[in-house]
Amino acid sequence: MFLGTYTPRLDEKGRIILPAKYRDELANGLVLTRGQERCVYVFSQREFENVHEQMRQAPLSSRQARDYIRVFLSGASDEMPDKQGRVTIPGALRSYAGLDREVTVIGAGSRAEIWDTQAWNEYLEEQENTFSETDEEVLPGIF
């Protein structure tokens with residue numbers, strides 16, 4: 001499970017050093033793809049296969065499902081961390097998420113997310129009030 005918030009820097013080659021706590025889970029490969037809210041999703045190879053299998057269950061007759069799957073998978077890139085735990089974020093994904101030097105990596109349970117630090121801070125500030133107002137209808141059994 002991916003947890004926590006980290007602030008690695010993107011180097012001049014478009015690489016970040018993965019948080020040490022994530023490295024074991026991602027050591028055998030990972031998949032980067034477009035995330036919602038203009039971040040980059042980071043899945044372990046195994047978890048990405050699970051997500052893809054769920055997508056395969058969507059009916060081909062659903063235009064919304066086809067559109068989502070196209071955008072999601074067309075931006076996907078398999079990557080392998082190097083010995084130092086660095087991974088290259090492809091240019092198209094860096095552009096999509098507006099990533100520059102300052103990035104924030106957050107744990108989101110089954111995946112990690114890479115955000116432009118300023119975008120993450122703005123998103124978090126926006127969502128904190130909503131977070132405190134969330135009730136059981138949104139997350140049944142949690143509260």
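Here's a quick briefing on helix packing, nonpolar cores and a few individual residues in this structure. It's a predicted model, where local features need pLDDT of at least 70, side-chain atom pairs count only at pLDDT 80 or more, and totals for chains, interfaces and linings use all residues. Residues are numbered from 1 along each chain as its sequence is written, and side-chain values use heavy atoms, with hydrogens and water left out.

**Helix α2 against helix α3**

- Helix α2 covers residues 45-56 and helix α3 covers residues 63-74; helices (H or I, at least four residues) and strands (E, at least two) are DSSP runs, numbered from the N terminus.
- The two pack at an angle of about 160 degrees, with axes 11 Å apart; axes are lines fitted to C-alpha atoms, for helices over the stretch in contact, and angles run from 0 to 180 degrees between N-to-C directions.
- That makes α2 and α3 roughly antiparallel (the label for angles over 145 degrees).
- On the α2 side, the contact (heavy atoms within 4.5 Å) is made by F48, V51, H52 and M55, and on the α3 side by Y68, I69, F72 and L73.
- Sorted by class, that's seven nonpolar residues, one polar and no charged ones; Ala, Val, Leu, Ile, Met, Phe, Trp, Tyr, Cys and Pro count as nonpolar, Asp, Glu, Lys and Arg as charged, and the others, Gly among them, as polar.

**Nonpolar cores**

- A nonpolar core here is a set of buried Ala, Val, Leu, Ile, Met, Phe, Trp, Tyr and Cys residues joined through side-chain atoms within 4.5 Å; buried means under 20% relative accessible area, exposed over 50%, and partly exposed in between (1.4 Å probe, protein chains only).
- The largest core has 20 residues, and I16, L32, I89, L99 and I114 touch the most other members.
- Elements giving two or more residues to this core are α1 (20-26), β3 (30-34), β4 (40-44), α4 (91-97), β7 (103-107) and β8 (112-116), and α4 gives the most, with three.
- Leaving aside residues up to four places away in sequence, I89 touches L10, G14, I16, L32, R94, L99 and I114.
- There's also a second, separate core of eleven residues, with C39, F48, W115 and W120 among them.

**Individual residues**

- Q64 sits in helix α3 and is exposed, at 67% relative accessible area.
- E37 is in the loop between β3 and β4, has phi near 60 degrees despite not being a glycine, and counts as exposed at 53%.
- R38 lies in the loop between β3 and β4, and this non-glycine residue has a positive phi of about 60 degrees.

Notes: Parallel < 35°, antiparallel > 145°, perpendicular 65-115°, else oblique.
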